[in-house]
Amino acid sequence: MGIEILGLPLMYYIAMVAKVLVAFVFVLLTVAYATYAERKIIGHMQVRLGPMRTGWHGLLQPIADGVKLFFKEEIVPSQASTFAFLVAPLIALIPAFITFAVIPFGGVIEIAGYMIPLQVAAYYDTAAGQVMDINVGALYILAMSSLGVYGIVLAGWASNSKYSLMGGLRASAQMISYELSAGLSLIAVFMLSGTLSLTKIVELQSGMGGFDWYLFKQPLAAFMFFICSLAEINRTPFDLPEAETELVSGFCTEYSSMKYAMFFMAEYANMVTVCALTATMFLGGWNGPFAVAVPLLGPIYFIAKVYFLMFTCMWIRATLPRYRYDQLMHLGWKVFIPVAFANIVVTGVIGYFI
Amino acid sequence: MNPITPILHGMKITFEHLFKKPVTLQYPDERPKVAQRFRGLHGLKVSHNKAKCVACYLCPTVCPAKCIRVEAGEDANHDKYASVYEIDMLRCIFCGYCVEACPVDALKMTGEFELANYKRSDFVYSKERLLEK
């Protein structure tokens with residue numbers, strides 16, 4: 001522990017790089033195999049098999065897809081606005097990944113006498129004896145998730161194609177409307193927790209043997225947040241921006257090769273993030289039986305919760321057809337927002353009297 | 001009407017389907033069971049080492065797709081036989097009228113269904129290719 005860089009021990013930097021790598025690789029692998037899991041699960045729900053021929057039961061399918069997309073020809077439409085066209089997939093992809101920085105995926109583990117909190121943007125303050133993380137972590141996530149919209153809108157506009165433009169327009173309208181109700185349903189949680197720091201929110205849910213979840217205190221908010229998040233990340237039944245029956249492929253019509261793959265990765269990375277966020281906010285994060293005593297159980301519980309929510313996303317996709325555009329807007333503005341406001345008021349009133 | 005119950009009902013159905021045995025046939029590895037009276041590729045029946053066909057022209061006459069071409073010939077025993085018997089598989093609609101029309105039971109339809117080829121000319125099946133093995 002002798003060496004210090006900028007007032008922080010060397011171990012801090014090593015732990016930080018390790019955490020970033022682990023979280024990034026975990027999200028990337030989950031994204032790759034979420035595509036496979038989705039095809040398998042939806043296949044079996046439709047009494048089919050799904051991918052079977054690449055590797056054992058199609059296990060190498062994501063790699064085959066990746067290699068194929070990587071070697072495809074890059075096509076930039078001659079009338080497209082080239083710079084925006086090239087930069088749009090990155091704008092969609094990066095916020096999807098960096099959101100993971102503030103999500104705590106485990107408790108504090110001790111390696112060689114150094115305490116490492118399992119959260120990328122956090123360190124253990126030995127003097128205070130507690131984890132210091134971004135105290136507006138939830139705000140950061142909301143900000144990043146709305147940043148992802150720009151990638152899609154830019155892609156729609158830069159392509160100079162009517163289908164892309166329609167997809168981009170739909171995406172912006174849809175994301176803005178659903179962001180509101182998603183944010184409002186989170187406010188009910190913040191009223192209970194009194195903090196925006198995700199570490200604190202997870203800590204507050206650790207009671208009752210790790211089952212003191214906000215899901216039980218705020219079932220309506222949990223339900224609304226999950227549905228609104230589905231709409232915000234363009235998952236079925238709210239995938240209107242790419243509605244292939246109407247808009248060919250929506251905002252990514254003109255994209256090919258790795259740029260198309262980036263949109264795809266962004267979509268699935270967003271799904272991972274949203275599921276991780278829902279797990280953190282409502283399902284107690286990494287909490288569970290004995291999670292505090294055995295630190296390695298924390299990430300396992302967290303991953304199990306995230307994967308369960310991702311399974312639910314795929315399950316919903318296998319069940320429901322796409323919403324009509326006016327139904328989508330009706331649901332967002334006339335149902336979710338008033339209900340979210342009412343939820344806040346009721347939470348406030350109950351909180352005042354208890 | 002309550003909009004949530006139908007959604008939950010649908011989700012229950014999809015979840016139950018998850019545990020059903022898939023109906024998929026892993027085609028090149030698993031072969032489908034072809035029904036006995038399946039109407040696939042035609043076959044010319046053979047009797048006494050030659051085709052039973054007597055070139056009566058009933059099959060090209062009845063064929064709605066006009067895909068059969070027959071030319072009659074005379075063999076060493078002065079019997080009428082089909083010197084040319086061609087079926088264009090690109091035009092054939094596999095209705096089986098030719099088999100029904102045949103007065104000497106010289107034609108049949110086999111269970112062969114993999115009729116893909118590389119050239120258009122390969123789809124015109126000559127008498128040699130149609131003769132049953």
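1. The expected span of a helix is taken here as 1.5 Å times one less than its number of residues. In this predicted model, helix H4 of chain A, residues 137-158, has 22 residues and reaches 32 Å from its first C-alpha to its last, which is close to the 32 Å expected. After H4(A) comes Asn160(A), whose phi is positive, near 55°.

2. Ser161(A) lies in the loop that leads from H4 to helix H5 (162-193) of chain A. It counts as partly exposed because it has 19 C-beta neighbours inside 10 Å, whereas a buried residue would need 20 or more. Leaving aside residues up to four places away in sequence, Ser161(A) touches Pro77(A), Thr253(A) and Glu254(A); Phe251(A), 90 residues from Ser161(A) in sequence, is 8.9 Å from it in space, C-alpha to C-alpha.

3. Which residues make the contact between H9(A) and H13(A)? The axes of helix H9 (residues 219-232) and helix H13 (residues 325-353), both of chain A, come within 11 Å and cross at roughly 145°, and the crossing is left-handed. H9(A) contributes Leu220(A), Ala221(A), Met224(A), Cys228(A) and Ala231(A), while H13(A) contributes Gly332(A), Phe336(A), Val339(A), Ala340(A) and Asn343(A). By type, the residues of this contact divide into 8 nonpolar, 2 polar and no charged.

4. In chain B, strands S4 (residues 68-74) and S5 (residues 80-88) run antiparallel and are joined by 7 bridges, with Ile68(B) having Ile87(B) in S5(B) as its bridge partner. The two strands form a hairpin with 5 residues between them, and in the turn His78(B) has a positive phi of about 60°.

Terms used
Residues numbered from 1 in each chain as written. Chains lettered and ligands numbered in written order. Predicted model: local features only at pLDDT ≥ 70, side-chain atom pairs only at ≥ 80, totals over all residues. Helix = DSSP H or I, 4+ residues; strand = E, 2+ residues; numbered from the N terminus. Pairing = 2+ DSSP bridges. Buried ≥ 20, exposed ≤ 12 C-beta atoms within 10 Å, placed from the backbone. Contact = placed C-beta atoms within 7 Å. Axes fitted to C-alpha atoms, helices over the stretch in contact; angles between N-to-C directions. Left-handed = near helix turned anticlockwise from the far one by under 90°. Nonpolar A, V, L, I, M, F, W, Y, C, P; charged D, E, K, R; others polar.
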